[in-house]
Amino acid sequence: MNMVTAFVAIILVMLVFGSSQIVELVLKKRREKRGEDIIRDPWTEIHEIPGYRNSRNIAAFYPLKGEANIMPILEELALEGRLLLPRCEGEGIMNFYKVNSLRKDLAKGHFGIMEPREGLEKFEGEIPIFLVPGTKFNWDGCRVGHGKGYYDRFLAKYPKAYKAGIATPAQISQEPLPQKETDIRMDVIIACKERY
C-alpha cells in the first residue's frame with residue numbers, strides 16, 4: 001500500500017467513524033501491548049517533550065535497578081549544564097540540585113541512591129520539565145511511587161511543569177492504578193528499556 005492509498009484509507013475511516021473513535025482505538029491498541037513492543041524510540045520521545053530542547057533546567061532521576069536506564073539522557077543534560085537531580089533531606093523532603101558532572105557531583109545517599117553530594121547549591125528556580133521515576137504507571141498518566149510521597153509533594157509545587165513518567169515495560173500496568181487525591185498525574189508515559 002503506497003502513501004497516497006494509506007492516506008485515503010485513513011480519511012475514509014475518519015469520515016465513517018469520526019476522528020475521536022480513531023484516537024481512542026489507537027490508544028486502546030497501545031494499552032493492550034506488552035513487553036518490548038511498547039517501546040518506540042525513547043530518546044526521540046524525550047527530546048520531543050514540549051519545551052525540552054529550549055529548557056535551561058530539566059529535573060530527572062538517577063535510575064535504580066529495575067527502573068528505566070536514562071543514563072545517556074543524564075550525561076547529555078549534565079554536559080549541557082541543564083541537569084537537576086534530587087536529594088532526599090529528611091522525612092518526606094526532597095530538593096533538586098544542579099549537576100554538571102555525574103562523576104564529581106554525585107555520592108551515595110539515602111536508600112543507596114546516587115544523589116547530589118553535600119556542598120552543592122540547592123536549586124531554587126523554575127523547573128519546566130520533570131522526568132519522573134516510579135514503580136508502576138499506566139497509559140492514562142497514573143503513577144505509583146515508592147510510597148514515601150517525595151515526588152508527589154515536590155511536583156505539587158510545580159503544577160505547570162510538564163511531567164513525563166519514565167518506565168520500563170514491566171512497570172506499565174494494563175489495569176487502573178489506585179490513586180490518592182495527592183497523587184500527581186503524568187502528562188505522558190515514555191517506555192524505555194531497563195538496560196542497553
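Let me begin at Glu-194, which is placed in the segment after strand S10 (188–191). Strands here, like helices, are DSSP runs numbered from the N terminus, with at least two residues in state E for a strand and at least four in state H or I for a helix. This is a predicted model, in which local features need pLDDT of at least 70 and side-chain atom pairs count only at pLDDT 80 or more, whereas totals for chains, interfaces and linings use all residues. Residues are numbered from 1 along each chain as its sequence is written, and side-chain values use heavy atoms, with hydrogens and water left out.

Glu-194 has a relative accessible area of 30% and is therefore partly exposed; buried means under 20%, exposed over 50%, and partly exposed in between, with a 1.4 Å probe and protein chains only. Leaving aside residues up to four places away in sequence, Glu-194 touches Lys-65, Gly-66, Glu-67, Ala-68, Asn-69 and Thr-168, a contact being heavy atoms within 4.5 Å. Its C-alpha lies 9.1 Å from that of Pro-63, although 131 residues separate Glu-194 and Pro-63 in sequence.

For the protein as a whole, contacts between residues 24 or more positions apart make up 68% of those with a separation of 6 or more. The protein has 196 residues, 42% of them buried, and contains five helices and 10 strands. Its accessible surface is about 11,600 Å², with 57% belonging to carbon and sulfur atoms; the areas come from the Shrake-Rupley method with a 1.4 Å probe.

I turn now to the sheet. Six strands form an open sheet of mixed pairing, in the order S3-S2-S1-S6-S9-S10. Its edge strands, S3 (94–98) and S10, each pair on one side only. Two strands are taken to pair if DSSP finds at least two bridges between them. Within this sheet, S6 and S9 (residues 162–167) run parallel and are joined by four bridges. Phe-130, for instance, has Lys-163 in S9 as its bridge partner.

Helix H4 lies across S1, S2 and S6, and runs at about 110° to S2. That angle is taken between N-to-C directions, from 0 to 180 degrees, using axes fitted to C-alpha atoms, for helices over the stretch in contact. Which residues of H4 (residues 71–79) are buried? They are Met-71, Ile-73, Leu-74, Leu-77 and Ala-78. These residues cover an arc of only 155° around the axis, so they are on the same side of H4; the arc is that of the directions from the helix axis to the C-beta atoms. Their cover includes helix H3 (42–47) and strands S1 (58–59), S2 (83–88) and S6 (129–132). Just after H4, Gly-81 takes a positive phi of about 75°.

Finally, the charged pairs. The whole structure holds five salt bridges, each a side-chain nitrogen of Lys or Arg within 4 Å of a carboxyl oxygen of Asp or Glu. One of them joins Glu-89 to Arg-87, with the closest N and O atoms 2.8 Å apart. Glu-89 is partly exposed at 29% relative accessibility, while Arg-87 is buried at 7%. Another joins Glu-124 to Lys-122, at 3.6 Å between the closest N and O atoms. Here Glu-124 is exposed, at 61%, and Lys-122 is partly exposed, at 34%. In a further salt bridge, the closest N and O atoms of Arg-143 and Asp-152 are 3.8 Å apart, and both residues are buried.
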